[in-house]
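Please walk me through this structure.

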Amino acid sequence: MQTKRTIFPNKLLPYLLLTPQLAVTLIFFIWPAAQAVKSSFEREDPFGFRTTFIWFENYTRLFSEATYLNSVGKTALFAISVTLLSMSLSLLLAVAVNRVLRTNRLYTTLLVWPYAVAPVVVGILWWFMFNPSIGIAPYLMRGLGIDWNHRIDGTDAMLLVIMAASWKQISYNFLFFVAGLQSVPQSLTEAAAIDGAGPFKRFWTIVFPLLSPTTFFLLIVNINYAMFDTFGIIDATTSGGPAQATNILVYKVYADGFLGLNIGSSAAQSVVLMLIVIALTAVQFRFVERRVQY
Amino acid sequence: MNIFGCIGSYGCYDLGEIRDGEVPANKGVSMFKKALCLSAGLAVIMAATPALAQTEISWWHAMDAELGKKLEEIANGFNESQSEFKVVPTYKGSYPETLTAAIAAFRANEQPAIVQVFEVGTGTMMAAKGAVKPVYQLMEENGEPWDPSGFLAPVTGYYSDTDGNILSMPFNSSTPIMYYNKDVFEKAGLDPETPPKTWAELEEMSRKIMESGAAPCGFTTGWVSWVQLENLSAIHDQPYGTLENGFGGLGTEFVFNGDVQTKHWENLKKWADEGLFEYGGPVGGADAPPKFYSGECAIYMNSSASRAGVINNAKDFEVGFAPLPYYDDVTTDPKNSIIGGATLWVLNGKDPEVYKGVAQFFTYLSSPEVQAGWHQFTGYLPVTNAAYELGQEQGYYEENPGSDVAIKQITRGTPTANSKGVRFGNLTQVRTVIDEEFEALLAGNKTAKEALDAAVERGNQILRDFEAANS
């Protein structure tokens, strides 16, 4: 296909026009990332007076540390749970809203609200509801004979952050699912209905496969969200505790670097995280764009 | 991060520096960033009043709410007392946040003249010799009166280097005490004027309180690491670390897994299981105060500086104040408790003119009137003997019973090597480790001995890291 091409004689102009974007990328992304890589090979006192180049010591220590491996495990558990929980709930809600004809705008609007709430505020809300001494939820649960105390019990704490983080993400997933559902051609489901397929059969054999691009996209986005955007929620609800039960990787970077002032280890951890993001992004570009098409 | 550090702090360029056209020495910061900061800083300064004769002294602090207002009052008091200098206090968040902000600012040559650092950061600051201007030196250079013996002995001890020089200006020092609910005591059939002296009494009274239904919980505590380990060790004259609890050098190792500490943690676990003790959360223990304010827990151990908050919040019951309990089978002569709170550190890299102002401000700050006012308002200790005496002359302690519990507790007896305080690098991290191990104990994953052994082992690793990074 021959497209119409405009020739710019000026060789410099394109670069000049690109400069602002390149500058922003360099200053805010490339340069800090390079700094992190550099720091990850160094041992330094907090004030930066004495810097020793120590090759891979930060990394080798990291992977021999029980606390770091624990954090990797917790992150996996957390990310998978949040992704599954928030995606399945939002799919359920989206399908339900899609069936409601008259008030679906209203439901859509209401369901999108949580997305507008800042992560820290979400954290505070859930912290408040589940606070072992003043919260309403532990009070009700005590009536049912459940002793909720996420201050001490690591499982309770993990459940709490999973619930809080999933709740926040449901709106986002919901919007995409609703949009995805609306693009499923009515004619296909109608044809299936005429052939005698019930609602469940229609959903699993027609709608769900046709939703797969949306689902796959959301899968990647949700894993990313759970791993990197939940910092505020963790900080406000459990601060990584008790006994590191909810200390996910991104929180550990902060805790070790900003609270513990161990810059070398923190930098090494952030480089590891950077590699994970790069991997996830690569997966997304490779597969979302190509394979999952119908 | 660095960019934000820079932009966030551009307003704190001292006018003096800019006026002299002096750019702070390059510490390996990229020229680009410096230019960015400088231009941002200049833009702000040019937009402000062009001709300011006063030298500004930036002061970063971590005092919020009522304490923050009182602190600003002090700064205003100084600003009105003379016209040459202007102290500009800036609230930078919690203690760890303030310390981190100051360190980041220092690395970018944007540091404030004065920064408030909590006692946990003392080891870190002392090791950073190039970053700090010792206060004794500052006062000497600027011809301000300086008498270390005027400060309370435990304060001097905690903040002096090995040669006995005070490195940072004592400002808000506290020590943990015990608060108790007199109404609940009465309801449980206990004498509200006789608080528990020993842990055995505390256990017995807590049980009585619970069994009588006067309150659902006996006691809670803020700052487990500080109150139930550091202070516990000091009061019972038990070592916390080798080399005089870290005062003797960076090669120190933790030894807080001794018999007394283990027994105490065993007890806390036992009492937690019985419901006599409720855990208030890690670090400062954010859940502890509401448990006490709401009448859920009858006894509450926390900093003496919680006094203002306790009095404000304990609206429907009467509060009693008492020293921390001790084990009478370990000692019959409990030692002094140790310091918490913060001091003011002066950072390097400023104009001589600025330091002159800082020195004058410190003289103002340690005057008996200012110190006594701060102490009486907040519940922090009067850091100078003169401020304490002034309070006595004013009759403050008689009018406010219990307000001298903290100072009496911290000055009782002669401090030993074990009760002088603790000094370790990276202590913030160690305290986190202690909280985590305490939580593992409460969750039943570890015994007291296992938890403390693990805390010592992990803590020692952190100390070795600090030693490696600072030598």
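**A guided tour**

With 26 C-beta neighbours inside 10 Å, B:Asn426 counts as buried. B:Asn426 is not a glycine, yet its phi is positive, at about 55 degrees. This residue sits in the loop between α20 and α21 of chain B. Helices (H or I, at least four residues) and strands (E, at least two) are DSSP runs, numbered from the N terminus.

This is a predicted model, in which local features need pLDDT of at least 70, side-chain atom pairs count only at pLDDT 80 or more, and totals for chains, interfaces and linings use all residues. Residues are numbered from 1 along each chain as its sequence is written, while chains are lettered from A and ligands numbered from 1 in the order in which they are written.

Helix α20 (residues 405-411) of chain B holds B:Ile410. B:Ile410 counts as buried because 27 C-beta neighbours lie inside 10 Å. Leaving out residues up to four places away in sequence, B:Ile410 touches B:Pro154, B:Thr175, B:Asn336, B:Ser337 and B:Leu381. Contact here means that the C-beta atoms of two residues, placed from the backbone, lie within 7 Å. B:Leu268 is 142 residues from B:Ile410 in sequence, and their C-alpha atoms are 24 Å apart in space.

Now look at the two domains of chain B. Domain 1 covers 2-174 + 340-394, and domain 2 covers 176-337 + 417-469. These bounds come from an automatic or database domain assignment. Where the domains meet, domain 1 of chain B gives 21 residues and domain 2 of chain B gives 20 residues. On the domain 1 side, α6, α8 (153-159), β5 (169-174), β11 (340-347) and α17 (368-378) of chain B each supply at least two residues. The largest share of that side, 4 residues, comes from α6(B). By class, the domain 1 side has 8 nonpolar, 12 polar and 1 charged residues. Ala, Val, Leu, Ile, Met, Phe, Trp, Tyr, Cys and Pro count as nonpolar, Asp, Glu, Lys and Arg as charged, and the others, Gly among them, as polar.

Next comes the meeting of the chains. The contact takes 33 residues from chain B and 30 residues from chain A. On the chain B side, two or more residues each come from α1 (2-8), α5 (95-107), α6 (122-127), α14 (288-293), α21 (427-442) and α22 (448-469). The largest share of the chain B side, 6 residues, is from α21(B). That side divides into 16 nonpolar, 9 polar and 8 charged residues.

Helix α22(B) has 22 residues. From first C-alpha to last, α22(B) reaches 31 Å, close to the 32 Å expected at 1.5 Å a residue. The expected span is 1.5 Å times one less than the number of residues. Among the buried residues of α22(B) are B:Leu452, B:Arg458 and B:Phe466. Their cover includes β1 (42-44) of chain A together with α13 (259-274) and α21 of chain B.

What lies inside? The largest nonpolar core has 179 residues, of which A:Val161, B:Ala298 and B:Val358 touch the most other members. Such a core is a set of buried Ala, Val, Leu, Ile, Met, Phe, Trp, Tyr and Cys residues joined through C-beta atoms within 7 Å. Helix α7 (residues 154-182) of chain A gives the most to this core, with 11 residues. Domain 1 and domain 2 of chain B both give residues to this core, so the core lies between them.

UniProt, in an unreviewed entry, lists residues 12-34, 76-98, 110-130, 157-181, 202-221 and 267-288 of chain A as "transmembrane region". Residues 76-98 of chain A are 100% helix, with end C-alpha atoms 32 Å apart. Residues 157-181 of chain A are also 100% helix, with 35 Å between the end C-alpha atoms. The loop between α11 (231-237) and α12 (249-259) of chain A holds A:Pro242. A cis peptide bond joins A:Gly241 and A:Pro242, with omega about -10 degrees. A:Ser239 lies in the loop between α11 and α12 of chain A, and its phi is positive, near 50 degrees.

Definitions and conventions: UniProt positions are given in the numbering used here, feature names are shortened, and annotations may be inferred rather than shown by experiment. A residue is buried if 20 or more other C-beta atoms lie within 10 Å of its own, exposed if 12 or fewer, and partly exposed in between; C-beta atoms are placed from the backbone.
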